[in-house]
Amino acid sequence: MEPLLAELQALFARHGATAALVAKAVIKPTKEFHTARHTLFNAAENQQLDKVVPVSASVKTKLGRGGEDE
């Protein structure tokens with residue numbers, strides 16, 4: 001990933017367009033992402049992906065008005 005970003009930065013700099021290059025640190029996968037990822041890649045490849053883009057997971061719960069699970 002880092003070599004790609006470095007190449008993009010160099011390309012934009014050569015063309016005087018560095019202000020147009022914007023990167024975001026947040027990646028939001030689609031619903032199918034995790035199933036597809038674990039189907040397409042083996043365990044070692046998935047571990048390498050985790051090093052580049054660590055997965056951050058959260059669990060939401062739906063609480064009723066009384067504060068208890070419905």
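## A polar pair between two helices

The side chains of Arg37 and Asn46 make a polar contact at 2.4 Å. The model is a predicted one. Arg37 belongs to helix 2, while Asn46 is in helix 3, which covers residues 43-52.

Is Arg37 buried or exposed? Its relative accessible area is 6%, under the 20% cut-off, so Arg37 is buried. Asn46 has a relative accessibility of 6%, and therefore Asn46 also counts as buried.

Not counting residues up to four places away in sequence, Arg37 touches Asn46, Leu49, Asp50 and Val55. With neighbours within four places in sequence left aside, Asn46 is in contact with Arg37, His38 and Phe41. A polar atom of the Asn46 side chain also lies 3.2 Å from the backbone oxygen of Phe41.

## How helix 2 and helix 3 pack

Two packed helices are described by the angle between their axes and by the distance between those axes. Helix 2 spans residues 33-40, and its axis and that of helix 3 are 8 Å apart, at an angle of about 130°.

Which residues make the contact? From helix 2 they are Arg37, His38 and Leu40, and from helix 3 they are Glu45, Asn46, Leu49 and Asp50. By type, the residues of this contact of helix 2 with helix 3 divide into two nonpolar, two polar and three charged.

## The chain as a whole

The chain has three helices and zero strands. Along the sequence, the pattern is α-α-α. How much of the chain is buried? Of its 70 residues, 4% are buried. The accessible surface of the chain comes to about 6900 Å², and carbon and sulfur atoms account for 58% of that surface.

## Two other residues

Thr39 is found in helix 2. With a relative accessible area of 62%, over the 50% cut-off, Thr39 is exposed. A polar atom of the Thr39 side chain lies 2.7 Å from the backbone oxygen of Thr35.

Leu8 lies in helix 1, which covers residues 2-14. Its relative accessibility is 31%, between the cut-offs of 20% and 50%, so Leu8 counts as partly exposed. From Leu8 to Thr18 the separation is ten residues in sequence, and their C-alpha atoms are 9.5 Å apart in space.

| Residue | Relative accessibility | Class |
|---|---|---|
| Arg37 | 6% | buried |
| Asn46 | 6% | buried |
| Leu8 | 31% | partly exposed |
| Thr39 | 62% | exposed |

Key: Residues are numbered from 1 along each chain as its sequence is written. This is a predicted model: local features need pLDDT of at least 70, side-chain atom pairs count only at pLDDT 80 or more; totals for chains, interfaces and linings use all residues. Side-chain values use heavy atoms; hydrogens and water are left out. Helices (H or I, at least four residues) and strands (E, at least two) are DSSP runs, numbered from the N terminus. Buried means under 20% relative accessible area, exposed over 50%, partly exposed in between (1.4 Å probe, protein chains only). A polar contact is a pair of N or O atoms within 3.5 Å; within protein, one must be able to donate a hydrogen and the other to accept it, and residues adjacent in sequence count only if both atoms are side-chain atoms. Contact means heavy atoms within 4.5 Å. Axes are lines fitted to C-alpha atoms, for helices over the stretch in contact, and angles run from 0 to 180 degrees between N-to-C directions. Ala, Val, Leu, Ile, Met, Phe, Trp, Tyr, Cys and Pro count as nonpolar, Asp, Glu, Lys and Arg as charged, and the others, Gly among them, as polar. Accessible areas come from the Shrake-Rupley method with a 1.4 Å probe; for residues, only the protein chains shown count as cover.
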